[in-house]
Amino acid sequence: MNRNNISTPTRSLNQSYNKLTLESSPPSARKVYVGECIPIKYYTSVAMLPESPSNTPPHLPAPQIHQENVGGTTYFYPTNDVNVSLNSSGGLNSSGLIGGSEHNMAVPSMAYPQMYAPIPASPIQGLGDTFYMPEQIRSEMQQIAQDPYTQPNTRQCQNLPNSLEDYTELLPLEELSPHSNTTSFRATHRIHGDQYALRRLHSYGTVPSKRFQSWKQIDHPNIIRLNHWFTTRAFGDHSMVIVYDYHPASVTLMQRYLDSRTPGSNAAANGSYHDPFSSDPDAPRPYTHQKNAMLRAVAGGSLLPEAVLWSILVQLTAGLRAIHAAGLACRTLDPTKVLTMGCRIRIAWCGVADALHANEIDINQAQQDDLTALGRLTLALACRTIHCDNLPLSIELVSRTYSVDLKNLIIYLLSAPRRSVTDLMPMIGARFYTQVEAFERRTDILESHLARELDNGRMLRLLMKICFIIERPEFNRDHKWAETGNRYLLKLFRDYLFHSVTTEGRPWLDLSHVSNCLNQLDSGTEIQVGLMTRDEGSVLLVTYAELKHCLDQAFAELMQVTPPSP
Ligand SMILES: Nc1ncnc2c1ncn2[C@@H]1O[C@H](COP(=O)(O)OP(=O)(O)OP(=O)(O)O)[C@@H](O)[C@H]1O
């Protein structure tokens, strides 16, 4: 008989997801006290598994074990267990036992809920899609994860202070220019390690206005949060530093859609924005150049889909609405101050203009200017160029390509005498609902993948616990610790998980087998599993509840003598 030639326990694990807990055992799972003795008694070789009577909970009655030799293999199982019986072919009809199949498995009365997301029972076409998240979500997550490791030109970091107040590891977010009066950095908080975006205002001597305090109160998903500010002489002058939330892997709208010089940007990728004036972006363009740039964009099919423009508009108006409602104005709404990551849009560096120009301003006029800036930004995105000063030409392009609603909105933003951000709502109309639906759909997808990843994290922790225990060369000077008692059962369980073979003796690599067994283990179910010893001489019948107890107990032993982390 092949060792571990065992059928997969394939009970679907699709009930009671709501009882799922990540960190600890499920609350509904009844605690099972299984002394070391219970599994140990299943062994033929008592010498191999030294039993300590003191470890046995006194309230547990010794199980009635029936022993039977079938084809040279000795099976041990409790006589009162209705779930295990020999079938006619000599195999055991129980969950995951030798000779059993998922169809003839006896189902025990369920004392424990099955709690985790079902995983397909056998390798099927496209299994990768089932096990892994969609490529787009994965790549966004990876960009975010990699962002902390991206290093700018280290030459630029040479003259930077080692730390500023609670912030260390300063890295410039942009090319440092000697003539600039502001610079931005990424920095890490010394205590909790989170990253922040810092904006330094050089040689800053003015006290920030009251408006600056109001910025701190704004907490909105489309506005990058201003946390606090401080002054410092660490740069050799009297600088003010404003601290914002850091959003990894974000790029500006300029970089993503409008700047052909940004490697990898959409604009660069489509090749339609090679700008012969790019060495001086502020140089005035001749009329023909502007027209050609736009027509090239139309011809090259590189104009943004209208849905993307509405998505940006809805999010920016939402941000502006919060800013204006707080009696503030953005004052710097341009493509270099709006960040995007995935489909999210965030207004960056809010309040910098108020800090730089602390004098009184006409806030109504500043809010009107915000709306004009929003119109210009939308027009630039629609034409895929920031050089759209020729308004009639640009509007003509918009009307050729996009809906009347979009054109009217841009015209309203650019030209109406008195505008309010709330007036934009009816102009956006049902597109607002489209946005909400899109975000909700995205949330659904993310939640479903989060549930899977939650399970993955739980399984990884279980596996790590098992690996900490099995085949440990020594514990408390006992070189046999890992090979005896409960630990030996865990080793056999590991074999059962990973070293099972098919009837022809080939390795059986079935992820669903592994995940289903780990789910059972984590739930501590009463389902039995047959663990074959390596010499193929015995099969030990244990429930997952017993295995779970073995794992908890052995891990607790390790934990007891583990020094506390510094
Ligand atoms: N809060 C933030 N989180 C993550 N990245 C940010 C944040 N704020 C800005 N960035 C990134 O930092 C980079 C530099 O931003 P910054 O506004 O300083 O650039 P800039 O266009 O050169 O502006 P300026 O000319 O005003 O200095 C941008 O590419 C942007 O993606």
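Which residues are buried in α15? Here are my notes, with that one picked up at point 3.

1. A word on the model before anything else. This is a predicted model, in which local features need pLDDT of at least 70, side-chain atom pairs count only at pLDDT 80 or more, and totals for chains, interfaces and linings use all residues. Residues are numbered from 1 along each chain as its sequence is written.

2. The overall picture: the protein chain has 18 helices and 13 strands, taken as DSSP runs numbered from the N terminus (helices H or I, at least four residues; strands E, at least two). Of its 566 residues, 33% are buried, meaning that 20 or more other C-beta atoms, placed from the backbone, lie within 10 Å of the residue's own. Of the contacts between residues at least 6 apart in sequence, 63% join residues at least 24 apart; a contact here is a pair of C-beta atoms, placed from the backbone, within 7 Å.

3. Now to the opening question: the buried residues of α15 are Arg-431, Asp-455, Ile-466 and Ile-469. Their cover includes α9 (306-325), α14 (424-428), α16 (485-498) and α18. Helix α15 (residues 431-469) has 39 residues and should span 57 Å at 1.5 Å a residue, which agrees with the 57 Å between its end C-alpha atoms; the expected span is 1.5 Å times one less than the number of residues. After α15 comes Glu-471, with a positive phi near 55 degrees.

4. An unreviewed UniProt entry annotates residues 430-468 as "coiled-coil region"; such annotations may be inferred rather than shown by experiment. In the model, residues 430-468 are 97% helix and 0% strand, with end C-alpha atoms 56 Å apart.

5. Helix α18 (residues 544-561) reaches 26 Å from first C-alpha to last, close to the 26 Å expected for its 18 residues. Its buried residues include Tyr-544, Leu-547, His-549 and Ala-554.

6. The ligand is surrounded by 18 residues, the closest being Leu-173, Glu-174, Ser-184, Ala-197 and Thr-336; to count as near, a residue needs its C-beta atom, placed from the backbone, within 6 Å. At least two residues of this shell come from each of β5 (182-189), β8 (239-245) and β9 (251-252).

7. Strand β9 also belongs to an open sheet of 3 strands, ordered β9-β10-β11 with antiparallel pairing. β9 and β11 (344-347) are at the edges with a single partner strand each, so one side of each has no neighbour in the sheet. Two strands pair if DSSP finds at least two bridges between them, and 2 bridges join β9 to β10 (residues 338-341). Val-251 is opposite Thr-340 in β10.

Notes: A residue is buried if 20 or more other C-beta atoms lie within 10 Å of its own, exposed if 12 or fewer, and partly exposed in between; C-beta atoms are placed from the backbone. Two residues are in contact if their C-beta atoms, placed from the backbone, lie within 7 Å.
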